[in-house]
Structures are given as C-alpha cells and as structure tokens.
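Okay, thanks for coming, everyone. Let me put the model up and walk you through the packing.

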Amino acid sequence: MFRAINERIRELAERFEHVAGETLAFVCECADETCVERLELTSAQYDDVRAIPARFVVVPGHEATPLVERVVFRSTGFVIVRKIGIAADIARELSDS
C-alpha cells in the first residue's frame, strides 16, 4: 500500500513539474501498516530504490528482522532495505501485477 502511495507522489511531482534535485516527502515503506512517518528523497533517489522490486525505503529504525530483509544503504534520513526469501518473491510478484 505504501509503495502505491509513493508511486502516486512521484507521478504528481512529475505532472506538476517538480524541480529535479529537490526532495519530496515519501511515506515510510516499512512492514508496520499503521506507520505514517515521512522521509525526504529526491525523485531520482526513489527511482533508484524502485529499480529493484525487492527494495524499499524506510525511516531509520523501521528495519524488519534480518530474516525478512537486509539493509543495503543507510543515511541519517532514510534506510534502503532489500527483502529476502519469500518476502522478496512476494515483492517481485506484486511489482509485476
């Protein structure tokens, strides 16, 4: 669900001629369905995350157990995680639909 919201944020930014390099407020894509925290990324940064369907961007501290995902990048404002195992399979399957 959060990924769909972030895709819409990116689409709207493009439609309204968002200035390249400026950050947008994306929604944390962690596993907590009640999470409403925001994080700042440029459209290009978000596109890099989305280039691999099993990668998600989360607020620091919202990483799941190492049995589900691995941290592939960490900054002060956001963390990029990559789902593994069955979680990765599901993420790839959902991205294809």
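So, F78: leaving out residues up to four places away in sequence, F78 touches L39, E40, L41, Q45, V57, V58, P60 and F73, where contact means heavy atoms within 4.5 Å. Quick caveats: this is a predicted model, where local features need pLDDT of at least 70, side-chain atom pairs count only at pLDDT 80 or more, and totals for chains, interfaces and linings use all residues. Residues are numbered from 1 along each chain as its sequence is written, and side-chain values use heavy atoms, with hydrogens and water left out.

Is F78 buried or exposed? At 7% relative accessibility, F78 counts as buried; buried is under 20% relative accessible area, exposed over 50%, partly exposed in between, using a 1.4 Å probe and protein chains only.

F78 also sits in the largest nonpolar core, which has 22 residues. A core here is a set of buried Ala, Val, Leu, Ile, Met, Phe, Trp, Tyr and Cys residues joined through side-chain atoms within 4.5 Å. The members touching the most others are F26, C28, L39, L41, V57, V58 and F78.

Now the rings. We've got 2 aromatic pairs, meaning ring centres of Phe, Tyr or Trp (its six-membered ring) within 6.5 Å; planes under 30 degrees apart are stacked, over 60 edge-to-face, the rest tilted. F26 and Y46 are stacked, 4.5 Å centre to centre with 15 degrees between the planes. Both F26 and Y46 are buried. F73 and F78 have centres 5.8 Å apart and planes at 35 degrees, so that pair is tilted. F73, at 41% relative accessibility, counts as partly exposed.
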